[in-house]
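Here are my notes for you on this structure. Please keep the 3D view open as you read.

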Amino acid sequence: MTISVTGTAGEGTARQQTTPFVLSKRHLSIHAPGSLDSFDDAHEAAAQLREGRIPAIVGALPFDLRSPAALTVPAALHRLPGPWSAALPSGSVPQCVVLDRIPSPDGHLEAVGSALRRLRALDDPMTKVVLARSLVLGADRPIPPMALMHRLVANDAAGNGFCVDLTPAGEPYTARTLVGSSPELLVRRSGREVSCFPLAGTAARAADPDQDAAVAQSLTRSVKDLGEHAIVVEGLRKSLGALCEDVRAPSSPSLVAAPALWHLGTPVTGTLRSEQSSALDLALALHPTAAVCGHPAEEARDAIAQIEGDRGFYAGAVGWCDAQGDGEWMVSIRCGEITADRRSIRIFAGGGIVAESDPEAELAETSAKFSPMLTALGATEYAWA
Ligand SMILES: C=C(O[C@@H]1C=C(C(=O)O)C=C[C@H]1O)C(=O)O
């Protein structure tokens with residue numbers, strides 16, 4: 001189905017985006033080409049949507065909502081059944097090599113160690129913090145964002161993928177693109193129905209089926225992972241409760257299969273008290289969950305800023321919202337940011353740290369989380385340029 005969007009700017013002034021917005025999902029994908037207008041202020045975009053002044057919004061929210069967003073009023077919002085499967089865009093993905101690690105593996109071990117000292121201190125309120133690291137990869141020719149997303153979608157059994165032009169966020173994001181394949185739903189709104197599907201608690205999958213089943217079973221019994229997961233569900237129930245009635249979540253998580261990983265996941269649902277709250281309003285109210293930030297959120301966010309610096313759009317949200325307020329926002333993980341010249345990409349992976357965490361296991365978890373992006377880029381983490 002296609003919703004023709006006629007905004008205040010009119011079709012004649014549509015700026016052709018270099019890269020259209022795409023969000024690919026198993027059952028419904030969104031393709032939103034063109035740009036009638038853009039916003040770096042997500043709250044302003046949400047207000048204009050509520051007032052009926054813009055017909056739809058697509059794009060990315062940053063990890064830290066005080067930073068600029070990259071939101072576009074598209075020229076059209078196409079809803080397509082099933083995962084994104086348009087003809088393969090011209091240009092294939094070049095083979096990439098790792099040029100830099102930020103921080104180094106030892107640096108990440110140190111960061112986890114310093115977080116653990118706080119998490120284990122009895123007088124510190126922080127009980128969970130999500131710490132991430134990144135790899136910078138380079139290629140000898142441009143990395144086409146749509147072709148990369150195509151590969152990610154093809155390699156993912158659930159057909160997840162996204163591609164977002166970050167230009168609306170202004171410098172230094174002009175002509176940069178966020179591309180990834182996230183398994184995590186921040187929030188979906190359909191009429192008054194609201195659903196979230198947070199993931200927290202992770203184990204790397206094994207090639208041998210018996211071993212893989214054993215890994216999954218032990219994840220469902222891991223006190224550390226169940227505790228880490230419970231913090232996320234508890235936080236989400238609370239923030240959803242402020243906007244919804246009848247908030248429901250099963251008492252124990254289910255196993256979710258992601259490429260190379262098992263996760264613990266819990267569906268959390270509710271019914272909106274007011275239809276005034278759009279999918280974008282919900283995303284702004286719920287983000288960042290403890291799945292990507294920690295608990296309490298403010299302490300964890302400050303610790304992340306101090307340890308990692310600015311995360312930009314990693315661990316933010318990517319999604320869309322229409323004039324009725326319906327839409328869907330995915331947590332922007334398992335992703336990378338392609339530079340304006342498209343010769344390099346910075347990919348990110350993080351994990352929740354709690355008092356019982358082991359630094360070496362956390363480092364290995366981030367390596368496993370890099371693997372879908374590395375596979376799509378034809379690279380391995382420990383092969384140097
Ligand atoms: C932060 C990431 O993943 C998040 C952290 C998880 C965990 O700590 O177990 C699991 C899924 C995501 O919510 C990432 O992939 O970069």
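This is a predicted model: local features need pLDDT of at least 70, side-chain atom pairs count only at pLDDT 80 or more; totals for chains, interfaces and linings use all residues.

1. How many residues line the largest cavity, and which lie nearest its centre? The lining has 22 residues. Nearest the centre are Ala291, Arg334, Gly350, Gly351 and Lys369. Find these five in the view.

2. Now ask which elements supply the lining. Three strands, β9 (128-138), β14 (199-204) and β23 (344-353), each give at least two residues. Helices α5 (223-241) and α8 (359-376) also give at least two each. The largest share comes from β23, with five residues.

3. Next, volume and number. The largest cavity has a volume of about 210 Å³. The structure holds three cavities of 30 Å³ or more.

4. Turn to a pair of helices. How do α1 and α6 cross? Helix α1 covers residues 42-50, and helix α6 covers residues 279-286. Their axes come within 9 Å and cross at roughly 150 degrees. Angles over 145 degrees count as roughly antiparallel, so α1 is roughly antiparallel to α6. The crossing of the two helices is left-handed.

5. Which residues meet where α1 contacts α6? From α1 come Ala42, His43, Ala45, Ala46 and Arg50. From α6 come Leu280, Asp281 and Leu284. By class, the residues of this contact divide into five nonpolar, one polar and two charged.

Technical notes
Residues are numbered from 1 along each chain as its sequence is written. Side-chain values use heavy atoms; hydrogens and water are left out. On a 1 Å grid over the protein atoms alone, a cavity is a set of points where a 1.4 Å probe fits but cannot get out, and a pocket is an open set with protein on both sides within 12 Å along at least five of seven lines; lining residues have an atom within 4 Å of a point. Grid points are joined across faces, edges and corners, and a volume is the space filled by probe spheres set on the points. Helices (H or I, at least four residues) and strands (E, at least two) are DSSP runs, numbered from the N terminus. Axes are lines fitted to C-alpha atoms, for helices over the stretch in contact, and angles run from 0 to 180 degrees between N-to-C directions. Angles under 35 degrees count as roughly parallel, over 145 as roughly antiparallel, 65 to 115 as roughly perpendicular and the rest as oblique. A crossing is left-handed if the near helix is turned anticlockwise from the far one by less than a right angle, and right-handed if clockwise. Contact means heavy atoms within 4.5 Å. Ala, Val, Leu, Ile, Met, Phe, Trp, Tyr, Cys and Pro count as nonpolar, Asp, Glu, Lys and Arg as charged, and the others, Gly among them, as polar.
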